[in-house]
Amino acid sequence: PNPEVYLLAARLLGVDPAACWVVEDTSIGVEAARSAGMRVVAVPTVYSRGTQDFRRADFVFKSMREAVFVVGVLGVRSNRTS
């Protein structure tokens with residue numbers, strides 16, 4: 001999987017890829033984000049849940065509601081450089 005879209009987004013935002021968190025719903029997206037050096041939150045959909053391998057994600061949640069809650073509790077915030 002090509003990480004270029006993630007690297008471009010980080011560059012345009014002026015953020016170090018290592019400081020980025022990506023939310024993905026496919027294992028290919030997880031791989032691309034990891035290849036970009038980013039942290040990954042996976043939220044499998046009804047189509048990808050149970051059929052794809054999300055073990056490379058930092059966290060796997062059942063829903064966006066659960067992901068937003070946990071990220072809020074962890075206090076993940078931007079490290080924007082510009």
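Which side chains meet in a salt bridge at 3.2 Å, N to O? The side chains of Glu 4 and Arg 11 do; the points below place this pair among the other features of the model.

1. Basis of the note. The model is predicted, so local features need pLDDT of at least 70 and side-chain atom pairs count only at pLDDT 80 or more, whereas totals for chains, interfaces and linings use all residues. Residues are numbered from 1 along each chain as its sequence is written, and side-chain values use heavy atoms, with hydrogens and water left out.

2. Strands. Helices (H or I, at least four residues) and strands (E, at least two) are DSSP runs numbered from the N terminus, and two strands pair if DSSP finds at least two bridges between them. Strand β1 (residues 21-24) runs parallel to strand β2 (residues 39-42), and 4 bridges join them. Within this pairing, Val 22 has Val 40 in β2 as its bridge partner. Between β1 and β2 the chain passes through helix α2 (residues 27-35), giving a right-handed β-α-β crossover; with the strands pointing away from the viewer, the path from the first strand over the helix to the second runs clockwise. Strand β3 (residues 59-60) also pairs with β2 in the parallel sense, over 2 bridges, and there Phe 59 stands opposite Val 41.

3. Aromatic rings. Rings of Phe, Tyr and Trp (its six-membered ring) pair if their centres lie within 6.5 Å; planes under 30 degrees apart count as stacked, over 60 as edge-to-face and the rest as tilted. The count by this rule is 2 aromatic pairs. In one of them, Trp 21 and Phe 59 are stacked, at 5.9 Å centre to centre and 25° between the planes. This pair links distant parts of the chain, Trp 21 in strand β1 and Phe 59 in strand β3, 38 residues apart. Phe 59 and Phe 61 are likewise stacked, with 5.8 Å between centres and 15° between the planes.

4. Buried means under 20% relative accessible area, exposed over 50%, and partly exposed in between (1.4 Å probe, protein chains only). Phe 61 counts as buried because its relative accessible area is 8%. Trp 21, at 31%, is partly exposed, as is Phe 59, at 29%.

5. Ser 48. This residue lies in the loop between β2 and β3 and is buried, with a relative accessible area of 2%. A polar atom of the Ser 48 side chain lies 2.7 Å from the backbone oxygen of Asp 25. Leaving aside residues up to four places away in sequence, Ser 48 touches Asp 25 and Phe 54, contact meaning heavy atoms within 4.5 Å.

6. Salt bridges. A salt bridge is a side-chain nitrogen of Lys or Arg within 4 Å of a carboxyl oxygen of Asp or Glu, and the count by this rule is 5. Asp 58 forms a salt bridge with Arg 39, the closest N and O atoms being 3.1 Å apart. That pair joins the loop between β2 and β3, where Asp 58 lies, to strand β2, which holds Arg 39, across 19 residues. Arg 34, Arg 39 and Asp 58 are linked in a network of salt bridges. Asp 53 and Arg 55 form a further salt bridge, at 2.8 Å between the closest N and O atoms; Asp 53 is partly exposed at 40% and Arg 55 exposed at 73%.

Conventions
A polar contact is a pair of N or O atoms within 3.5 Å; within protein, one must be able to donate a hydrogen and the other to accept it, and residues adjacent in sequence count only if both atoms are side-chain atoms.
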